[in-house]
Amino acid sequence: LAIDRGFFRAEGLTVKIQMLQGGAEGPPKLQSGNLDISFGAYVPFFMAKEEGFPLHIVADAFQSAPGTHTLLVARDSDIHTVQDLSGKKIGVNVKRNLSSLLVQATLRPQGVTLDDNKDFVPIPFPNMQAALKNNVVDAVQAVEPFSSQLQQSLGARLIADLSQGPTADFPVAGYASTESWAKKNPNTLAAFRRAIGRAQTLLADRQVLARTLPTYTQIDANTAATLHVGVFPTSINTTRLQRVADLAQQYGYLTKPIDVKTLVSTGSG
């Protein structure tokens, strides 16, 4: 949206998009200089930080809302409560990432403890319908539009909304760079924030969202208008982002605390 509306161009920036295979691909490409800024989920960004990646958060991108992240089972499954998930196999797009953290943080307070290595099965989102239908897994952690599609086409049942309780309004993803790039390019960083902020503001309008999604995905406008949609923040709230780092440490994805305030520059826009 920021590219199509000319928001980057108005800031004097030329933005070229490079597709990545997964969130873990971002940090090494940033560190090598192949990317200046990368979009990605906060959980792998923070895990990379603990492993030595010089993470700098450029801008916030997406925050969960009811229905955006769900835990589903097949229509005829004998699983009816979260307690029934004990010892079951759960499909997630990537193991030890945001998906499994959301599941852990939702289930453990309700008495269900899962093993990150044994109980989670990596399944790409587009393949979850077949996995659920063929009993490859007992449940899947789905996101939109796959969550709605699974419920409509397969009759999948909702066992838990993963954007409630400890993970309500959860920061999902943002834009990041290296510390050195941020220090060397404060004006570019500020310009990027302003441009992406303008686009994020427009996405509060569901009609704009419905028109934009079909331009770069296979989601049609009618489907886009009915999806559960999260929040597109227009500024960085370090208190909110600290929740991600704290929860990641609580569930063993990080071994030590991360002070998110140290990862964000001030006075840059």
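Let's start inside a sheet: strand β4 (residues 90-92) runs parallel to β5, and three bridges join the two. Helices (H or I, at least four residues) and strands (E, at least two) are DSSP runs, numbered from the N terminus, and two strands pair if DSSP finds at least two bridges between them. Within this pair, V92 stands opposite P122 of β5.

Before going further, please keep in mind that this is a predicted model: local features need pLDDT of at least 70, side-chain atom pairs count only at pLDDT 80 or more, and totals for chains, interfaces and linings use all residues. Residues are numbered from 1 along each chain as its sequence is written, and side-chain values use heavy atoms, leaving out hydrogens and water. The pLDDT is the predictor's confidence in each residue, from 0 to 100. The chain averages 93, with 99% of the residues scoring at least 70. Confidence in the chain is highest in helix α1 (residues 7-10), at 98, and lowest in helix α10 (residues 221-224), at a mean of 83.

Back to the sheet. β4 and β5 belong to an open sheet of five strands, ordered β5-β4-β6-β3-β7, with mixed pairing. At its edges are β5 (120-122) and β7 (157-161), each pairing on one side only. From one strand to the next, the twist averages 35°; here axes are lines fitted to C-alpha atoms, for helices over the stretch in contact, and angles run from 0 to 180 degrees between N-to-C directions. Helix α4 (residues 98-107) lies across β3 (69-73), β4, β5, β6 (139-143) and β7, at about 75° to β3. Helix α6 (residues 146-154) also packs on the sheet, touching β3 and β6, and its direction makes about 125° with that of β6. Contact means heavy atoms within 4.5 Å.

The loop between β6 and α6 holds P145. The peptide bond from E144 to P145 is cis, with omega near 5°. N135 is not a glycine, yet it has a positive phi of about 60°. Most residues other than glycine have a negative phi, and most peptide bonds are trans.

Finally, turn to another open sheet, of three strands in the order β1-β8-β2 with antiparallel pairing. β1 (38-41) and β2 (55-63) are at the edges with a single partner strand each, so one side of each is left without a neighbour in the sheet. The twist averages 35° from one strand to the next. Seven bridges join β2 to strand β8 (residues 171-178), and these two run antiparallel. H56, for example, has S177 in β8 as its bridge partner.
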